[in-house]
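Work through the two exercises below with the structure in view, and try each task yourself before you read its solution.

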Amino acid sequence: MSMQTVAAPITAAASAQSEREQTARLKKTLLNDIRRSIYVFRIDAGGCNACDIEIFAALTPVFDVERFGIKVVPSPRHADVILCTGAMTRAMRMPALRAYDAAPDPKIVIAYGACGCTGGIFHDLYCVWGGVDKIMPVDVYIPGCPPTPPATIYGFALALGMLDQKLKASQHVEAPDEQVAISHPRIPYNLRIALEREARRMAGYRQGREIADNFMTLIAQDDARPVAQRVADFLARENDPRLTEIVRSLEAICSGAETDR
Amino acid sequence: MYKLLKEVFRTGNVTVRYPFAPLPASPNFRGKPHYEPERCIACAACTIACPSNALSMTTDVAAGTRTWEICFGRCVFCGRCEEVCPTQAIALSPEYEMAVLDRADLYQTAEFSLASCRLCDTPFAPRKEIDYVVALLVNAGLPEADAERRRAMLEVCPACKRQSEVVREAGSSGWHQIGVTP
């Protein structure tokens, strides 16, 4: 009795393994034997249409995926590749499955966009299955919200075995003496905060942080020239009136801090 | 017809050579979040800011570890993690070639050790975070000895702090247990 309970899952796993091998072999045959264009059928399983817009952007003359013979077809009966966008809503799961069944074997399924890969920002909605791989086997995942046309081309090149995969799973384990260094330690803490806050207020978090970083590196570095001269040289080199405005206001904060002291 | 042909020849070939030649995205393009675990203090600000729960933190009290994880397949590239990160450990890069064949390749994890509470010996906060706070205090002008005294207070979990505070209010100083006089 106990033998059986142990043996049953092993055989099930083995048969699943052989099924996977068969599918992989079939797909290799598809890629080797296909002597014509790859036909793509697109399923929108509850997407916001941004992914679809990017797919059609990939068909425009600038990116032109049709030069590789990748062609979008209107019926799953003609399809070699099923390109599935959207978070797989409850309402679209049956039509998506019917389209999948209607496509001739062997077929390649591509999950497209953050929603197609894992459900994306809609992953925990009540009416969302959360990803194409919940209802059909997926061969290639193309993340992005939405993926740009080059990312789309890259995904197709990966699916067709033309390019190698770049992204690999990675694990980091903290080293025993790992420490985080404080950035710009020579500048007083409160001034650092005030500078970064002002730069972010004026230029947004991304450029603001960059500008504040550059400015603090500039004023804290070892240099024979006086600080005002360094900043003036930097501004003359950049020659950007918007940057000048922001850096002047950062300088005002610095001199204000000095008079306070 | 002549005008059309003239326009066609004037425009030339607009198609990019992308898969055969690299196509760099703009430097401000919001692509794959680039994470440097060495700069991370495991404060979990990014996991709270992340609107799609692509970032997550799980605490394993038994093992005394906290694991940070990102799923690139769920990320919507909004950049809020970059906005809130206090140590600039995460930033969106212009990298967009993220397609994978195996779903497991969409995950990146980093494991951090937790410091144990000095009173109840339960792991409660990342060691790196406490070290960073002490380093900030020293950087802000606190003498080393005072900073170490503060470390003794920082390495007490909130529950024990509350308890000690109640005991102190009641008369006897709970801080004596860790050799600290607040």
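**Exercise 1.** In this predicted model, find which residues of helix α2 (residues 50-58) of chain A are buried, and explain why they line one face of the helix.

*Solution.* Begin by counting neighbours, since a residue is called buried if 20 or more other C-beta atoms lie within 10 Å of its own. By this test the buried residues of α2(A) are C51(A), E54(A), I55(A) and A58(A). Next, look down the axis of α2(A): the buried residues fall within an arc of 105 degrees, and therefore they line one face of the helix. Finally, ask what covers the buried residues of α2(A): the cover includes the strands β1 (38-44), β3 (81-85) and β4 (108-112), together with the helices α4 (113-118) and α5 (149-159), of chain A.

**Exercise 2.** Describe the contact between chain A and chain B, starting with how many residues each chain gives to it.

*Solution.* Chain A brings 47 residues to the contact, and chain B brings 47 residues. On the side of chain A that touches chain B, at least two residues each come from α4, β5 (140-142), α5, β6 (170-173) and α6 (189-220) of chain A, and α5(A) supplies the largest share, 7 residues. Sorted by class, this side of chain A has 27 nonpolar, 11 polar and 9 charged residues.

How values were computed:
Residues numbered from 1 in each chain as written. Chains lettered and ligands numbered in written order. Predicted model: local features only at pLDDT ≥ 70, side-chain atom pairs only at ≥ 80, totals over all residues. Buried ≥ 20, exposed ≤ 12 C-beta atoms within 10 Å, placed from the backbone. Helix = DSSP H or I, 4+ residues; strand = E, 2+ residues; numbered from the N terminus. Arc of directions from axis to C-beta. Contact = placed C-beta atoms within 7 Å. Nonpolar A, V, L, I, M, F, W, Y, C, P; charged D, E, K, R; others polar.
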